[in-house]
Amino acid sequence: MSFLQLKNIEKFFGDHRAIKGVDLSIEKGEFIVFVGPSGCGKSTLLRLIAGLETIDGGNLLLDGKDITHAPSSKRDLAMVFQSYALYPHMTVAENMSFALKLAGEDKKVIKEKVEHAAEILNLTRYLERTPKALSGGQRQRVAIGRAIVRAPKVFLFDEPLSNLDAALRVQTRVEIAKLHRELGATTIYVTHDQVEAMTMADRVVVLRDGAIEQVGRPLELYDRPQNRFVAQFIGMPQMNMLPIGEFGSYAESLVRPLPVGGHIGVRPEHVTITNAGEGQLLATVDFVESLGAESLVYATTPHGVQVVSKQSVRSSVRAGDTVSLKFEQDWLHVFDADGQVVSNAKGVAK
Amino acid sequence: MKKFTARFLLTPAVGSLFLWMIVPLVMSIYFSLIRYNLMSPGEHEYIGLMNYEFFVTDPAFWPAVLNTFLLIGSVIVITLVFGMALALLVNDKFPGQSIVRVLLISPFFVMPAVNALLWKHMMMNPIYGVLAQVWRFFGAQPVNWLESYPLLSVIIMVSWQWLPFACLIFITSLQSMDREQLEAARMDGANYVQQFRYLYLPHLSRSVAVVVMIEMIFLLSVFAEIFTTTGGGPGFASTNVAFLIFVQGLMNFDVGVASAGGLFAVLLANIASVFLIRIIGKSLEK
Ligand SMILES: Nc1ncnc2c1ncn2[C@@H]1O[C@H](COP(=O)(O)OP(=O)(O)O)[C@@H](O)[C@H]1O
Ligand SMILES: [Mg+2]
């Protein structure tokens, strides 16, 4: 049996069904990332697990115990909030020891644990400061320290990096991943940033409108998206999605029977720009982004669908040129009219 | 140059404020040093500090000082405790929240004299007052509030008047309380009392300082409530310094002693504010 289990979890805000029956099993030590567009219910789901919102339907099991209606303090979980939520009137040490103090832990033990956590997080020098006298990155680390000190069964993070600047974000991302490897603690991490999801997760949970779209290892989601939403949500720039009609008879050589009203998806790195006549589709170049190591060519087909091509060679095409787009046949994903996958790219298997 | 211009432009405001303050002060000092009784015309000769001596040795003096402190202290404590409790109570959402809040604030808009009359006649009258009815309902002998507990009665009236002020300040302050901090505390296992002790109270400390300071300033001069209800009595039981000054000046017609009393009140206010700023200044600095 898995460590943390969500069984058909539901949440209503008034009439609004914010979480629509989520099933998920999480193993001990896993790093799970919830990802999805803003407003899809990531935070709500995390808060349901944390016990900060009441669960309206379904069951939540942790380590074999039903905690569906347990108060959050009895769940043995620790959360790192987006705003860090440090207690402003307490020093760093007091912040980190608050939970233990309330639990009536021995003073000496508390001190040891706090010092140990401070050491891991490079906070030893700041233990006597108040949060106000710390930088954003340090506050973030205190928030993490507060969670570590409690040695909870599961760590919960809600967009912990969104208040940091870009450079610090990358650095902290690496640190959190490293910390997870060292502590081996089960972690649920919420983000809207797919790069964070792809780089940190053991498994990614893609959410949309309060329901799970797909769960899988990062590359699995990239290679075998189960529907158009996941296909386009994971990957930058996003997967090209062309109505099957665009391809004419060529599409028939790919799938049979052809899903009426379906789409063919292909990632930008599997589209090449060739001279007219060599590819499958003619298109007009809109603009070219040269990023040095690679170039992105944005082109529009006669039916008005924009296609992006990512090339690792510098491209000589210019805006306004008519080019032919060549799709690598092994890397085409086919989706039916409902957006569900019919077949994933054959290239992955190789 | 820039500094000079700034100073120059400030001069009218500062100047008029200065005059506003200095003229009455100087006049009070002058009156306090001369023999000046409205009932005995004639020379206003210089008599040194004798007016002060009269004021301080008046049998009403020490009771008045004590009553002043009792009044201020009790009202501040009552408004802090109940103000905080009420503010916390109406902080969570419930139907009709905004109406309840407006009702809570409204006693502050009642004039002190009207407030005192309301309490005197509607609530505390031993024959037809609401409290008398309540006492009778439980089979008890109604209390003659103004005679049996004159100072307590005044304290109740003034507290009722100032409770909304404290409450308002705390309500506003609670609105800036961080929700995630409370959630973090909940996850850390803090119960409501502990949340109050470790999160709400530190968060409200600034507002407590503001309430104490402002109430202190205004409560030193409580007058209307005493004048309209107990008249300072029985005896001196509900006379405070402000009321004693009134008695000297407008009932004994002794302007000199009243001025000396006024200056004593100024002194009292200054001593109190020095202590207050010492204590509270620290909490404000944070
Ligand atoms: N306390 C609440 N009351 C009412 N609606 C809420 C509440 N919290 C969240 N919602 C709604 O639930 C949905 C999911 O919100 P949230 O979980 O915060 O999204 P995310 O974190 O993925 O951006 C949104 O439509 C939001 O408006
Ligand atoms: Mg969110």
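Modeller: Let's start with what contact means here: heavy atoms within 4.5 Å. This is a predicted model, where local features need pLDDT of at least 70 and side-chain atom pairs count only at pLDDT 80 or more, while totals for chains, interfaces and linings use all residues. Residues are numbered from 1 along each chain as its sequence is written, chains are lettered from A and ligands numbered from 1 in the order in which they are written, and side-chain values use heavy atoms, with hydrogens and water left out.

Now for the surface itself. Chain A brings 26 residues to the contact, and chain B brings 18. Together, the chains bury about 1800 Å², with 57% of that on carbon and sulfur atoms; buried area is the accessible area (1.4 Å probe) that two parts lose on being put together, summed over both.

What about charge pairing? Chain B and chain A share two salt bridges, each being a side-chain nitrogen of Lys or Arg within 4 Å of a carboxyl oxygen of Asp or Glu. One to look up in your viewer is A:Arg47 with B:Glu183, at 2.7 Å from N to O.

On the chain B side, helix 9 (179-187) and helix 10 (192-219) each supply at least two of the residues that touch chain A. Helix 9 of chain B gives the largest share, eight residues. By class, that side of chain B has seven nonpolar, seven charged and four polar residues. In this scheme Ala, Val, Leu, Ile, Met, Phe, Trp, Tyr, Cys and Pro are nonpolar, Asp, Glu, Lys and Arg are charged, and the others, Gly among them, are polar. Chain B as a whole has 13 helices and zero strands; helices (H or I, at least four residues) and strands (E, at least two) are DSSP runs numbered from the N terminus. The C-alpha trace of chain B spans about 75 × 75 × 30 Å along its principal axes.

Over in chain A, there's a ligand to look at. Ligand 1 has A:Lys42, A:Ser43 and A:Thr44 among the residues around it, along with A:Phe13 and A:His16, where near means that a heavy atom of the residue lies within 4 Å. An oxygen of ligand 1 sits 2.6 Å from a side-chain N or O atom of A:Ser43. Polar backbone atoms come in too: one of A:Lys42 is 2.9 Å from a ligand 1 oxygen, and one of A:Cys40 is 3.3 Å from a ligand 1 oxygen.

Seven residues of domain 1 touch 10 residues of domain 2 in chain A, and the two domains bury about 780 Å² between them, 51% of it on carbon and sulfur atoms. On the domain 1 side of chain A, A:Tyr222, A:Pro225 and A:Arg228 lose the most area, together 69% of what that side buries. Helix 7 (residues 218-223) of chain A supplies the largest share of the domain 1 side, three residues.

Last stop, a backbone detail: A:Met236 and A:Pro237 are joined by a cis peptide bond, with omega about -10°. A:Pro237 is in the loop between helix 8 (228-233) and strand 11 (240-243) of chain A.

How values were computed: Polar contact = N/O pair within 3.5 Å; in protein donor to acceptor, adjacent residues only side chain to side chain.
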